[in-house]
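Student: I would like to learn how to read strands, cores and an annotated site in a model. Could we work through one example?

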Amino acid sequence: MTISTNANALAATALSTRAIHAGQEPDPTTGAVVTPIYMTSTFKQDGVGGLRHGYDYSRSVNPTRNSFDAQLASVEGAKYALSFSSGLAAIDVLLRATLRPGDNILLGNDVYGGTYRLLAKVFVPWGIGLDVVDVTDQAAVAAALAAHPNGHYRYIWIETPSNPMLGITDIAATAALAHAHGTKIVVDNTFASPVLQHPLDDGADAVVYSTTKYIGGHSDVVGGAVLLNDGDVREQVAFLQNAAGAVPSPFDSWLDIRGLKTLDLRVKQHSRNALKVAQWLESLPADLVERVWYPGLASHPGHEIAARQMHGGFGGMVSVQIAAGFEAAKRFAGATQVFTLAESLGGVESLIEHPGAMTHASVAGTTLEVPANLIRLSVGLEDADDLIADLDQAFKAI
Ligand SMILES: *Cc1c(COP(=O)(O)O)cnc(C)c1O
């Protein structure tokens, strides 16, 4: 059913080695070193039902997609990876495959706006109960879980670092709390990436990614993935993936494969650049900067947990509150020359955005609303001093 992988030999190697080799065996026909883009919808059968290596139809199974799934599972240290046409497609299928009307979700109060929109506007009308809690506050999570009989919440859903406030949740402690109440925990690990954080090792039941971000890494592909160790849940998710069809194209999978090979190097440099930018922002006077949010700063309320839970850096995302307020923050976001004003994150190029008016406009007026003077930076791989000079001139322009 899958291209044979050298998974056993690779299991003991470092993440950077697995990222380059797992699922990437030379093409059996030609020896092509890079996994080909198998741009085919269907596969010849050797007599009725005589499938070659299980390939029949590309919604169900495609060699380029399998190659990415094997590579990503290995990098994550997960038994199973299933890739999707977007991060939200991955989230949708994981939830729809495993929830039934009447089930309830406890959602972190600082999650990707699109995740909240999917749950509040699509799942709730289909009969899923949704409660929101500050997941960085263990006492609040404990109180929410204790307020109902065990098993009331099928899932607690967290992002850490969260988007856009970079809130840090203790995954192991939250998983222990959830499991004691018969609740499973899902971690959206998009911001940390598998380089910095391993939620399954910390007790999470499932991990989701928008591979659009750091894994693709070059702002040229939209994709998502679900990572699991539970074979039964894998079967449920794979069934719905095939039944509903939100699969990535072979070309999307190939771009994700290429991106994932350099993820380790990129995320470590994103983290170094972001720390420099965050430290510089924090050094500015109070009439310019109200507050910097970066888990690598000692001033961040989640710094100690992040230092324990994240390995090798704190990621490339920095948020900053502009002291002069909403209008000044919007002018600031429009005044940079190296940072590009755009949604999304995790690519090689630095991006700047105003969450309240852009990525998080859909949560305005809800408990997930973000500060009006907040600016979010996706710190890229340009020279850190050039990035700082660009922000410096943008402050002078507001
Ligand atoms: C972008 C993003 C998503 C949604 O992913 P898409 O690929 O845009 O569908 C989900 N979670 C987080 C944290 C994200 O940043």
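Tutor: Strands here are DSSP runs of E of at least two residues, and helices are runs of H or I of at least four, both numbered from the N terminus. This is a predicted model, in which local features need pLDDT of at least 70 and side-chain atom pairs count only at pLDDT 80 or more, while totals for chains, interfaces and linings use all residues. Residues are numbered from 1 along each chain as its sequence is written, and side-chain values use heavy atoms, with hydrogens and water left out.

Student: In which sense do strand 1 and strand 7 pair, and over how many bridges?

Tutor: Strands of a sheet pair through backbone hydrogen bonds, either parallel or antiparallel. Two strands count as paired if DSSP finds at least two bridges between them. Strand 1 (residues 80–84) pairs with strand 7 in the antiparallel sense over 5 bridges. Strand 6 is also antiparallel to strand 7, again joined by 5 bridges; in that pairing Ala206 has Leu228 as its partner in strand 7.

Student: Which residues lie on each side of strand 7?

Tutor: In a regular strand the side chains alternate between the two faces of the sheet. In strand 7, Gly224, Val226 and Leu228 lie on one side and Ala225 and Leu227 on the other, and all are buried. Buried means under 20% relative accessible area, exposed over 50%, and partly exposed in between, with a 1.4 Å probe and protein chains only.

Student: Which residues touch the most other members of the largest nonpolar core?

Tutor: A nonpolar core is a set of buried Ala, Val, Leu, Ile, Met, Phe, Trp, Tyr and Cys residues joined through side-chain atoms within 4.5 Å. The largest one has 62 residues, and Leu227, Leu281, Val318, Ile375 and Leu377 touch the most other members. Helix 11 (residues 263–282) gives the most to this core, with 7 residues. At least three residues come from each of domain 1 (7–261) and domain 2 (263–397), the bounds being from an automatic or database domain assignment. Leu227 has contacts, meaning heavy atoms within 4.5 Å, that include Leu72, Tyr80, Leu200 and Tyr209, leaving aside neighbours within four places in sequence.

Student: Where is Ile158, and is it buried or exposed?

Tutor: Ile158 is in strand 4 (residues 153–159) and is buried, at 0% relative accessibility. Beyond its neighbours within four places in sequence, Ile158 is in contact with residues including Val135, Thr169 and Ile171. Thr169 is 11 residues from Ile158 in sequence, and their C-alpha atoms are 7.7 Å apart.

Student: What is the order of the 5 strands in the open sheet?

Tutor: The order is 8-9-12-11-10, with mixed pairing. Its edge strands, each pairing on one side only, are strand 8 (289–293) and strand 10 (340–341). Strand 10 pairs in the parallel sense with strand 11 (residues 351–353) over 2 bridges.

Student: What feature does UniProt place at Lys213?

Tutor: UniProt positions follow the numbering used here, feature names are shortened, and annotations may be inferred rather than shown by experiment. The unreviewed UniProt entry gives "modified residue: N6-(pyridoxal phosphate)lysine" at Lys213. In the model, Lys213 is in the loop between strand 6 (206–210) and strand 7 (224–228). Lys213 counts as buried because its relative accessible area is 9%. Not counting residues up to four places away in sequence, Lys213 touches Tyr112, Thr190, Ser344, Leu345 and Gly346.
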